[in-house]
Amino acid sequence: MAQLPLPRRPRRLRATPAVRALVAETDVLPRHLIAPLFVRENASVPAAIASMPGVKRHLLPDLVKEAAALHKLGIPAVALFPALATVKKDGRGTAATDPKGLIARAIRLLKKELPEMLVITDAALDPYTTHGHDGVLDKKGRVDNDATVAILARQTVLYAEAGADFVAPSDMMDGRVAALRAALDKAGHIHTGIIAYASKFASAYYGPFREAVGSGARKGSGYLDKRTYQLSPGNRREALLEALLDEEEGADIVMVKPAGPYLDVLREVRDAVHVPVAAYQVSGEYAQIQAAAQNGWLDLEKTRDESLHGIRRAGADMILTYFARGYAESWKKLNA
């Protein structure tokens with residue numbers, strides 16, 4: 001059979017693993033990953049999270065062991081989220097500003113035992129409020145933007161004093177990045193960075209996370225409506241505006257959340273801002289891959305890896321993902 005007269009044969013660059021590695025445009029390395037970790041107290045053992053296979057609510061000693069294992073795999077940072085007992089919650093999230101609170105103690109312990117690990121702390125009130133919203137409510141039951149920002153400022157200074165490397169406001173209140181930067185600087189924490197959840201959508205993909213931290217309603221009774229402060233899933237331009245505002249207000253890193261369903265937004269944010277861009281592969285993204293794999297419908301590792309490469313290809317400089325440890329372990333085996 002006669003050969004086709006083709007001046008270009010792109011398949012030449014796909015012929016062998018070595019060639020494919022040579023011309024690879026996107027990589028995902030352990031240093032690109034941030035591991036979200038849940039922490040609890042007043043229990044004897046870590047607690048599994050049913051909707052997130054392989055993810056636990058760690059006790060403080062176990063948290064240090066997990067962080068050390070992650071660091072050994074080349075993962076440079078962890079992001080901490082509290083799972084508080086209901087008795088420690090109230091309508092104003094008072095526990096969020098307790099200097100002896102769970103997250104403050106977790107930060108101090110991690111920085112003492114593992115000072116080289118970067119510690120990122122969530123700044124929001126939803127794990128601390130009985131109603132599960134990311135802020136305090138006014139007399140009409142609406143989330144009070146400015147009152148919430150004032151509390152977040154105290155919370156972030158507290159975390160900075162405990163030793164956090166970055167605070168990450170996830171509340172989506174207007175003006176909070178500027179207020180947090182001003183509060184941190186006034187308190188002398190000029191080196192504490194801000195990773196702003198800049199383009200955070202009112203997503204259905206957060207369900208397993210809300211189970212993990214105990215915020216919002218359980219399955220069967222509906223989930224909290226956060227559309228007055230989180231972004232509408234259909235609004236691309238608004239998401240870009242939020243990222244630009246947070247950069248202008250002093251965010252060191254901006255984030256798009258969720259990652260997978262919003263790769264177009266991630267690409268546009270990456271092209272528009274001059275600071276690094278993070279993406280959060282959220283609990284629902286993790287859970288659906290795990291569930292499909294458990295049913296034999298998808299290959300877990302291949303689907304995991306493809307999803308992470310897609311997020312990196314869209315423009316993420318770093319990815320928060322519950323797959324961080326598993327991916328890094330697989331990467332280490334392949335590159336031993």
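I began with the charged pairs of this predicted model, and I found 19 salt bridges in the structure.

I looked up R270 next, which forms a salt bridge with D317, the closest N and O atoms being 2.5 Å apart. R270 lies in helix α8 (residues 263-272), while D317 sits in the loop between α10 and β10 (318-321), so the pair ties together parts that are 47 residues apart in sequence. I noted that R270 is buried because its relative accessible area of 18% is under the 20% limit, whereas D317, at 30%, is partly exposed.

I then turned to D246, whose salt bridge with R176 has its closest N and O atoms 3.1 Å apart. Here helix α7 (residues 236-249) holds D246 and helix α5 (residues 176-186) holds R176, so this pair links parts 70 residues apart in sequence. Both D246 and R176 are buried.

I also checked R142, which pairs with D138 in a salt bridge with 3.0 Å between the closest N and O atoms; R142 is partly exposed at 48% relative accessibility, and D138 is partly exposed at 23%. I recorded a network of salt bridges that links D126, D134, K200 and K226.

Last, I looked at the largest pocket, which has a volume of about 390 Å³. Of its 22 lining residues, G54, V55, E66, Y322 and R325 are the closest to the centre. Helix α11 gives the largest share of the lining, four residues, and by class I listed eleven nonpolar, five polar and six charged residues in that lining.

Key
Residues numbered from 1 in each chain as written. Predicted model: local features only at pLDDT ≥ 70, side-chain atom pairs only at ≥ 80, totals over all residues. Heavy atoms only, no water. 1 Å grid on protein atoms, 1.4 Å probe; cavity = no way out; pocket = protein on both sides within 12 Å on 5 of 7 lines; lining within 4 Å. Points joined across faces, edges and corners; volume = space filled by probe spheres on them. Helix = DSSP H or I, 4+ residues; strand = E, 2+ residues; numbered from the N terminus. Nonpolar A, V, L, I, M, F, W, Y, C, P; charged D, E, K, R; others polar. Salt bridge = Lys/Arg side-chain N within 4 Å of Asp/Glu carboxyl O. Buried < 20%, exposed > 50% of the residue type's maximum accessible area, 1.4 Å probe, protein only.
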